Amino acid sequence: MAHLITYLTFNGNCREAMNFYRDCLGGELRLETVGESPAPAQLPQTMRECILQATLAKDNLVLMATDMVGEEGLSRGNAVSILIDCNSKKELQRYFKKLSHEGQPTHPIGKTFWGAWFGGLTDKFGNHWLLTCR
């Protein structure tokens, strides 16, 4: 089966967001700027510090991102959420607390009717997160 990876788009704050996610979730973060790419001269000087590609990796978690927004611009919606299937309630609570810093909890952590622990939030960058564990 193919491997599904979450890929986020930012508008100039990708470095800040990915460092925040690394601080919340742990893992190794790799950042490549436009200026470090093979063809930086093809883009304006003002874009050289923008993140061309970021990768945060920890165990089975892979989160990728960029500052490269298309001509249509960036629009945040509520149609997509990032789900983390945690190994324990303690891990779920730790991630929830860190990710919701300066964000907005949308569903408090609680036991569900299907027997799992669950919580939801929108982080300070406008991304939606769901956290669960059995």
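Select strand β5 (residues 82–85), the element that gives the most to the lining of the largest pocket, with 4 residues. A strand here is a DSSP run of E with at least two residues, a helix is a run of H or I with at least four, and both are numbered from the N terminus. A pocket is found on a 1 Å grid over the protein atoms alone, as an open set of points where a 1.4 Å probe fits, with protein on both sides within 12 Å along at least five of seven lines; lining residues have an atom within 4 Å of a point.

The model on the screen is predicted: local features need pLDDT of at least 70, side-chain atom pairs count only at pLDDT 80 or more, and totals for chains, interfaces and linings use all residues. Residues are numbered from 1 along each chain as its sequence is written, and side-chain values use heavy atoms, with hydrogens and water left out.

**The largest pocket**

Next, select Asn-60, Leu-61, Val-62, Leu-83 and Ile-84, which lie nearest the centre of the largest pocket among its 22 lining residues. The elements β4, β5 and α2 each give two or more residues to this lining. The volume of the largest pocket is about 600 Å³, where a volume is the space filled by probe spheres set on the points, joined across faces, edges and corners. Colour the lining by class to see 13 nonpolar, 5 polar and 4 charged residues. In this scheme Ala, Val, Leu, Ile, Met, Phe, Trp, Tyr, Cys and Pro are nonpolar, Asp, Glu, Lys and Arg are charged, and the others, Gly among them, are polar.

Move to Leu-131, in strand β8 (residues 128–133). Is this residue, Leu-131, buried or exposed? Leu-131 counts as buried because its relative accessibility is 0%; buried means under 20% relative accessible area, exposed over 50% and partly exposed in between, with a 1.4 Å probe and protein chains only. Display Ile-84 as well: Leu-131 and Ile-84 are 47 residues apart in sequence, yet 4.9 Å apart from C-alpha to C-alpha. Beyond residues up to four places away in sequence, Leu-131 touches several others, including Leu-83, Ile-84, Phe-96, Leu-99 and Trp-117; contact means heavy atoms within 4.5 Å.

Now select Met-18, Tyr-21, Leu-99, Trp-129 and Leu-131, the residues with the most contacts inside the largest nonpolar core, which has 27 residues. Such a core is a set of buried Ala, Val, Leu, Ile, Met, Phe, Trp, Tyr and Cys residues joined through side-chain atoms within 4.5 Å. Helix α1 gives the most to this core, with 7 residues. In soluble globular proteins, nonpolar side chains tend to be buried together.

**Two cysteines**

Select Cys-14, which is buried at 0% relative accessibility. Its sulfur is 9.3 Å from the closest cysteine sulfur, in Cys-50, and therefore too far for a bond. Cys-24 is buried at 4% relative accessibility, and its sulfur is 12 Å from the closest cysteine sulfur, in Cys-86, also too far for a bond. The count of disulfides is 0, a disulfide being a pair of cysteine sulfur atoms within 2.5 Å.

**The second largest pocket**

Finally, turn to the second largest pocket, with about 260 Å³ of space. Of its 15 lining residues, Leu-8, Arg-76, Gly-77, Val-80 and Asn-127 are the closest to its centre. Strand β1 (residues 6–9) supplies the largest share of this lining, 4 residues.
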